[in-house]
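Colleague: Could you walk me through this model? I am new to reading structures.

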There are 2 protein chains.
Amino acid sequence: MVELRADARRNLERVLDAATEVFAASGPDVSIDEIARAAGVGHGTVFRRFPTKDDLMYAVIERHVAQMCAFAAEALESDDPGEAFFGFAHRVAELAMSTPGLHKCVVHCGEKPRGAELGELSRKVIARAQRAGALRSDLEPADVGPLIRAALMAAPAGQWRLYLDVVLDGLRA
Amino acid sequence: MVELRADARRNLERVLDAATEVFAASGPDVSIDEIARAAGVGHGTVFRRFPTKDDLMYAVIERHVAQMCAFAAEALESDDPGEAFFGFAHRVAELAMSTPGLHKCVVHCGEKPRGAELGELSRKVIARAQRAGALRSDLEPADVGPLIRAALMAAPAGQWRLYLDVVLDGLRA
DNA sequence: CCTGAAACGGACTGATGAGTCCGCTTACGT
DNA sequence: ACGTAAGCGGACTCATCAGTCCGTTTCAGG
């Protein structure tokens with residue numbers, strides 16, 4: 001990609017903005033047509049930049065996932081592994097639930113974009129908390145994420161903090 | 001429905017059997033065509049008995065839900081509300097996870113078939129346990145089901161008992 | 001048997017959504 | 001200003017699936 005023509009760049013931005021908005025509002029199941037309409041372009045234009053719907057979704061959630069990775073990295077700096085884990089969980093949940101639609105996209109994309117990196121960092125945060133005795137150790141670090149995500153996605157509108165609290169309580173050693 | 005012709009009755013049974021099997025294997029998203037094929041009938045035949053896909057699904061999960069209602073009724077007899085609730089939760093989970101595909105159907109159908117009845121009975125079991133101080137009371141009885149269901153559905157193949165355990169621990173007062 | 005109503009099943013419709021194609025338009029270097 | 005390659009967008013294909021319709025087959029009672 002040497003250099004985009006001015007109109008191309010403008011449309012690319014419009015598409016990304018619209019996609020972010022629409023995915024945030026309605027989750028991963030919206031059609032490309034809807035996004036194209038919101039962006040004020042033809043859907044051919046969307047597909048030219050993002051060959052598949054998933055490609056577009058990855059682009060949209062990239063920042064989200066990067067931010068979560070940053071939280072994890074930060075948690076690894078703390079010298080109280082237990083506290084670090086619970087703080088991390090709260091921060092990630094806060095970010096995820098600030099735009100539930102986008103979070104569903106993150107879940108939908110699973111390991112693809114920077115998911116692997118996020119998974120790896122989380123695993124470290126969790127394993128460290130387990131080693132410190134702050135977290136029950138009869139489950140794999142890989143089980144913690146799904147449990148929390150499941151609770152968050154099951155929660156009705158304003159209730160997710162309560163649901164998170166229940167699961168985190170259940171996770172304590 | 002005065003009396004079904006012999007071939008009609010035979011096909012009806014075939015359809016119900018096939019639908020149970022296929023829904024159990026693949027959850028609520030299978031197509032009617034697939035079920036009809038498994039039953040060895042045309043899909044027109046399926047639609048004649050069950051005007052919509054949901055009608056078929058209701059018919060298939062009816063026993064499932066009835067069984068869960070029975071568990072709830074039984075739990076209400078017990079004179080230890082706390083124990084009754086946790087036993088109920090385990091029994092329901094056991095039944096649900098014995099055929100995860102069907103359980104997804106139950107979730108999909110939500111309140112429709114005897115779901116309302118099940119919801120009402122569960123509510124009583126939960127409220128009783130809360131009154132007895134065995135369950136944290138900062139959540140509504142209606143929140144307990146979703147939390148447990150979410151954990152079960154998030155669990156990988158063999159791990160659901162562990163996930164259930166985490167959530168139930170978090171629910172204790 | 002034989003006949004009519006019940007049941008059958010597959011062709012058909014209509015909706016939806018991802019991804020392709022190509023004739024027209026427009027930016028931009030010369 | 002102008003030629004051209006990059007970009008555009010919508011019509012089109014292809015696949016899937018719920019639900020309808022109707023010509024044909026089969027059951028069952030007389």
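Modeller: Happy to; we will look at the DNA and then at the chain contact.
This is a predicted model, where local features need pLDDT of at least 70, side-chain atom pairs count only at pLDDT 80 or more, and totals for chains, interfaces and linings use all residues. Residues are numbered from 1 along each chain as its sequence is written, chains are lettered from A and ligands numbered from 1 in the order in which they are written, and side-chain values use heavy atoms, with hydrogens and water left out.

Colleague: How many residues surround DNA strand D?
Modeller: A residue is near a strand if one of its heavy atoms lies within 4 Å of it. Among the closest are A:Arg5 and B:Lys53. Around DNA strand D, the count is 22 residues.

Colleague: Which residue has a polar side-chain atom 2.9 Å from a base oxygen of DNA strand D?
Modeller: A polar contact is a pair of N or O atoms within 3.5 Å; within protein, one must be able to donate a hydrogen and the other to accept it, and residues adjacent in sequence count only if both atoms are side-chain atoms. A:Arg49 has a polar side-chain atom 3.4 Å from a phosphate oxygen. The base oxygen is instead approached by B:His43.

Colleague: Which residue forms a salt bridge with A:Arg136?
Modeller: A salt bridge is a side-chain nitrogen of Lys or Arg within 4 Å of a carboxyl oxygen of Asp or Glu. Between chain A and chain B there are four salt bridges. In the one from A:Arg136, the closest N and O atoms are 3.1 Å apart, and the partner is B:Asp165.
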